[in-house]
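Let's walk through this structure together, one question at a time.

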Amino acid sequence: MIQQPTNTAGGATSLPAPPSAGSVTLTINGVQRHMQLAPWTTLLDALREYADLTGTKKGCDHGQCGSCTVLVNGKRINSCLTLAVMQEGNEITTIEGLGQPESLSPLQQAFIDHDAFQCGYCTPGQICSAQGLLNEGRAHTEDEIRELMSGNICRCGAYVGILAAVKEVVDKQSEIVK
Amino acid sequence: MNSFTYTSATAVDAAVREKSTNSKAAFVAGGTNLLDLMKENVERPTRLIGLNKLSDLATIENNPEGGLRLGALATNADTAWHPEVEKRYPLLSQTILAGASPQLRNMATNGGNLMQRTRCYYFYDLATPCNKREPGSGCSALNGFNRIHAILGASEHCIATYPSDMAVALAALEATVRVSGPQGERTIAFADFHRLPGDHPEIDNTLETGELITALDLPAQGFEKNFTYLKLRDRTSYAFAVVSVAVGLELEGNVIKEARIALGGVAHKPWRVVAVEETLRGATATEDNFREAATALLRDAQGYGSNNFKIELAKRAVVRALKQATEMNQPLDANAFLNSNP
């Protein structure tokens, strides 16, 4: 089913018919996916509703909570504030692409080891954001990690565990660099 | 969102032509502000012209004036962490990093940053009158909740503030905006780019129909020795400024050769008063002189109830920012912005 625009609800007759869905090709976790999407479909909705990758979560849908964070060409973004059609040709990585239950990524393992969640809803966004932070290589101290994780909100308040988990992986990575 | 069609632009002139012949079309780059406003039905374009494939506009390189040219489509993050920006324009780098979140800075572009619209709650709320959203409907902020609103340059029709951090530094640095339009290319001095609300609060800037920002030119003088961006906000990170101050100083010993002071969060555009900066030229860098300048900067300030506190706050922020820029005793690493708001 194609997402309907809000302005055709209620059967208004003077409005033109919405444009038909177009073919969009997205590269998600290394796999090319061909989809029929209306232009107003956000990357977040494309992932969840059309690619069946429901690990990425919809929280505020306005770029304020960070639960929809994914990586595009290795950089973290809010998938709710970009259109799927704008991301053609880019490498999209979601939480499903970072690791698998039998082979967790270092961040995923650290989140478990440090009990870095309670309800878990913000966790995929937290981990994708932390992966973006690692890729940037700008955060080293706890203060720097706090600042550069400020785009992700945890309403359960698991920040202490999240900070410890990210710090552990940041420290391990900087040892490798040394 | 309302329905719209999407096209990905492959050339600047074609994008400009399409935009100038379709009043319901909008450019989209990062999309962080426009898509949000479209979800709220505040913006209702019927056609989006995507700019992301115009990679020529995403570069950062030296300009003929000995400064730096920032492509309009370079992201805020790539700009803030560009080695030349960090080295020659640390004020700009810090200012960008004081805004939004890492995710948003990875999406938002330099051109788009200038085009972002006010965060006035009434502008977002379709159930209340707003002259910026619907000209002639009235201003709900004037006698409403106006804690985040303007204290300088407002009009009876609109007291909204312009929310960008980056633009406050660009004002202090006297950047130039390069635009491409149906009549060709032209440049706009940064001070002339954003406008005061006056009788037409629905118009944020001086772009003509169809014009597209292609780059921002920074002059050679980057004030890299004495600068500061002081951002005061309701939480330490990821919040808009209540009041912010960008300062660039050129000092010879304790004597001020040149001073730039721009304020954010207080008006419909970054606020600068060149005459006040001129009074500091040749003066010694003392707290008394700073306080005098701050008083002069805020002389015409007017509160609207909930935001009265901003007048005194802005004065004190100016004094502190000038002191910080003189002493340069705040940490200067890439995350120095952390300490700008103890």
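**Domains, sheets and contacts**

Q: Which domains does the domain assignment give for chain B?
A: Please keep in mind that this is a predicted model. For chain B, the domain assignment gives two stretches: domain 1 (5–52) and domain 2 (226–340).

Q: What distance separates the centres of domain 1 of chain B and domain 2 of chain B?
A: The centres here are taken over C-alpha atoms. Between domain 1 of chain B and domain 2 of chain B, the separation is 36 Å.

Q: In strand 11 of chain B, which residue is the bridge partner of B:Glu250?
A: Strand 10 (residues 243–252) of chain B pairs with strand 11 of chain B in the antiparallel sense, over nine bridges. In strand 11 of chain B, B:Glu250 has as its bridge partner B:Glu258.

Q: Why is helix 12 of chain B described as oblique to helix 13 of chain B?
A: Helix 12 (residues 287–297) of chain B packs against helix 13 (residues 309–327) of chain B with the axes 8 Å apart. Angles of 65 to 115 degrees count as roughly perpendicular and those over 145 as roughly antiparallel. The angle between these two helices is about 140°, which makes helix 12 of chain B oblique to helix 13 of chain B.

Q: How many nonpolar, polar and charged residues are in the contact of helix 12 of chain B with helix 13 of chain B?
A: The crossing of these helices is right-handed. Among the contributors are B:Phe290 and B:Leu297 of helix 12 of chain B, and B:Val318 and B:Leu322 of helix 13 of chain B. By class, the contact has seven nonpolar, one polar and four charged residues.

Q: Which strands of the five-stranded open sheet of chain A stand at the edges?
A: The order in this sheet is 2-1-5-3-4, and the pairing is mixed. An edge strand has a single partner strand, so one of its sides is left without a neighbour in the sheet; that holds for strand 2 (31–37) and strand 4 of chain A.

Q: Which element gives the largest share of the side of domain 1 of chain A that touches domain 2 of chain A?
A: The assignment for chain A gives domain 1 (19–97) and domain 2 (106–177), and their C-alpha centres lie 22 Å apart. The contact takes 14 residues from domain 1 of chain A and 13 residues from domain 2 of chain A. The largest share of the domain 1 side, three residues, comes from strand 3 of chain A.

Conventions:
Residues numbered from 1 in each chain as written. Chains lettered and ligands numbered in written order. Predicted model: local features only at pLDDT ≥ 70, side-chain atom pairs only at ≥ 80, totals over all residues. Domains from an automatic or database assignment. Axes fitted to C-alpha atoms, helices over the stretch in contact; angles between N-to-C directions. Helix = DSSP H or I, 4+ residues; strand = E, 2+ residues; numbered from the N terminus. Parallel < 35°, antiparallel > 145°, perpendicular 65-115°, else oblique. Left-handed = near helix turned anticlockwise from the far one by under 90°. Contact = placed C-beta atoms within 7 Å. Nonpolar A, V, L, I, M, F, W, Y, C, P; charged D, E, K, R; others polar. Pairing = 2+ DSSP bridges.
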